[in-house]
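Hello,

Here is the structure I promised to pass on. Please open it and keep it in view while you read my notes below.

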Amino acid sequence: MSRSNQTSTSSNPSQRFLEWGGEEGILSYWDKDVKESITVKPPFTVMVLDELSTITGYDGKNKCGVYSNEIKDTKTEVLTVKSFKGGEIAKGLYADIKDKIKAMGYKYSKSIYVAYKDGKDLEIGNMKFSGAALNAWIDFSGNHKDAIRSKAIKLTGSEQHTTGKVNYFTPVFAIQDITPETDAQAIELDKQLQAYFKEYFGKVDTNTPPEANTAVDSLKRAFDADEMQSDDLPF
């Protein structure tokens, strides 16, 4: 599933942790320097490096984010789901804990590691999709399996949907060709990422929240605390 396989590193090499906000149909990330959520306007082009699975959400009772470790295989690897303030929520294989997680309104999410252009250089980033946005990604990536690993993916905009009285948006993707030079740069970045994964999976610390979920204000954009008791929400 990865562009390469090699060793080295220690901390998550992602420079931006992006999340899709289904209520508004925007991709955004938390800027630690300016301490605010930054919207990424389409088109936004990335090269997929690798994909993991995780759990995300918002704990309305404790007014904080929910996170888990990231895993490659939901059938064999254990997830430990925690609230920043409330402690451990569930632990086990996804099949064993999914009903509990869904009942509390938390989401199975794809953690997609990508290469994106920042100025003239390519950087490693992370995008998270859950709910209807995840379904859109699964449909798209399933129809373009070969292109996902050899070309670029462009987020071109959003598509509006309505379920009952709820309006929500899903991302719209397209395939984009890249040069051999750009692909080579992405492969080099993936070598850094795989080095990090080798260490991460060798000593997963589920007590340490992933950087991707540390911004509670960013989480609130994607998860409404008043509605998190239902998994019927499409985003």
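Which residue takes a positive phi in the hairpin of E10 and E11? Look at Gly164. Its phi is near 65 degrees, and the hairpin has two residues between the strands. Bear in mind that this is a predicted model.

E10 covers residues 152–163, and E11 covers residues 166–176. The two strands pair in the antiparallel sense, over eleven bridges.

Now step back to the whole chain. It has five helices and eleven strands. Of its 235 residues, 47% count as buried. Take the contacts between residues at least 6 apart in sequence: 62% of them join residues at least 24 apart. The accessible surface is about 11,700 Å², and 45% of that belongs to carbon and sulfur atoms.

Last, go to Glu70. You will find it in the loop between strand E5 (64–68) and strand E6 (79–83). Is Glu70 buried or exposed? Its relative accessible area is 7%, so Glu70 counts as buried, because the cut-off is under 20%. The Glu70 side chain makes a polar contact with the side chain of Ser111 at 2.6 Å. Another goes to the side chain of Tyr113, at 2.7 Å. Beyond its neighbours within four places in sequence, Glu70 is in contact with residues including Leu52, Asn126, Lys128 and Phe201.

Best wishes

Key:
Residues are numbered from 1 along each chain as its sequence is written. This is a predicted model: local features need pLDDT of at least 70, side-chain atom pairs count only at pLDDT 80 or more; totals for chains, interfaces and linings use all residues. Side-chain values use heavy atoms; hydrogens and water are left out. Helices (H or I, at least four residues) and strands (E, at least two) are DSSP runs, numbered from the N terminus. Buried means under 20% relative accessible area, exposed over 50%, partly exposed in between (1.4 Å probe, protein chains only). Contact means heavy atoms within 4.5 Å. Accessible areas come from the Shrake-Rupley method with a 1.4 Å probe; for residues, only the protein chains shown count as cover. A polar contact is a pair of N or O atoms within 3.5 Å; within protein, one must be able to donate a hydrogen and the other to accept it, and residues adjacent in sequence count only if both atoms are side-chain atoms. Two strands pair if DSSP finds at least two bridges between them.
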